[in-house]
Amino acid sequence: IKPALGVLIAALAILILLALVLPLSAIVNLVIIASFLSRISFFTFGFHVRPEHVTALLLLVKIVITTQKRRIGPFGSRAVLAMSVVVALNVIATLINSPDKKASFDIVGWLFMDTVLLWSLVQVPEAILRRAVLRTGLFCALIMGVLTIAFWAVAETGGPLIGVQLDTAYGGYGAYVASYEANIAGGLLMLWGLIALASLTSNDSAVWIT
């Protein structure tokens with residue numbers, strides 16, 4: 001067996017073992033935490049592997065091998081179908097009119113992993129998903145928001161450049177904390193801010209938090 005193939009087999013074995021050992025709620029929490037850590041990347045087998053990729057595969061394996069088959073609701077089915085169409089259209093556009101097919105297929109791969117993750121998440125029991133979102137997700141967003149302000153303030157006052165990048169559009173710094181770039185960090189904070197507002201207007205908000 002070639003070394004690369006051996007490493008791949010070992011990684012899959014570890015993934016299956018973790019899926020068997022870890023409870024579904026813990027894996028869902030790891031998926032949420034990983035979404036805040038896209039800056040972390042390991043180059044292997046010609047791809048940049050990030051925590052969000054690993055946790056998405058971990059959740060998929062958990063759903064496939066240990067969870068009883070559940071019927072995906074109409075909203076989940078439409079969401080998965082819509083994402084699948086987006087992936088298919090990107091594949092067609094890449095093959096027909098992409099100036100850099102490798103870079104374009106990297107994006108297609110990212111979208112495909114998002115589709116896999118979505119398919120897995122819509123099969124997670126609602127109680128587990130809600131608790132993970134309102135506890136782990138909002139807590140991570142709070143920490144990220146605080147660090148974003150702190151890192152930006154330190155950089156703008158001449159301190160060490162930690163978790164920030166120069167924004168050429170206005171000449172200042174944009175904080176990315178542990179995200180791939182500042183724009184992604186801003187998008188995450190916006191997303192979780194909307195989730196927080198939605199939870200306040202939900203009749204089940206007390207149940208979500210407890």
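The lining of the largest pocket divides into 22 nonpolar, five polar and four charged residues. Ala, Val, Leu, Ile, Met, Phe, Trp, Tyr, Cys and Pro count here as nonpolar, Asp, Glu, Lys and Arg as charged, and the others, Gly among them, as polar. This is a predicted model, in which local features need pLDDT of at least 70 and side-chain atom pairs count only at pLDDT 80 or more, while totals for chains, interfaces and linings use all residues. Residues are numbered from 1 along each chain as its sequence is written, and side-chain values use heavy atoms, with hydrogens and water left out.

**Largest pocket**
- The largest pocket holds about 1200 Å³ of space.
- A pocket is an open set of points on a 1 Å grid over the protein atoms alone, where a 1.4 Å probe fits, with protein on both sides within 12 Å along at least five of seven lines; lining residues have an atom within 4 Å of a point.
- Grid points are joined across faces, edges and corners, and a volume is the space filled by probe spheres set on the points.
- Of its 31 lining residues, Ser 35, Leu 117, Leu 121, Leu 191 and Trp 192 lie nearest the centre.
- At least two lining residues come from each of α2, α3, α4 (74-97), α5, α6 and α7; helices (H or I, at least four residues) and strands (E, at least two) are DSSP runs, numbered from the N terminus.

**Second largest pocket**
- The second largest pocket has a volume of about 970 Å³.
- It is lined by 29 residues, with Phe 47, His 48, Val 49, His 53 and Leu 57 closest to its centre.
- Helix α5 gives the largest share of this lining, eight residues.
- By class, this lining has 21 nonpolar, five polar and three charged residues.

- Trp 192 is in contact (heavy atoms within 4.5 Å) with Ile 32, Phe 36, Val 133, Gly 137, Leu 138 and Ala 141, not counting residues up to four places away in sequence.

**Confidence**
- The chain averages a pLDDT (the predictor's confidence in each residue, from 0 to 100) of 85, and 89% of the residues score at least 70.
- Mean confidence is highest in α2, at 95, and lowest in helix α8 (residues 205-209), at 43.
- Where pLDDT is low, the predicted coordinates should not be read in detail.
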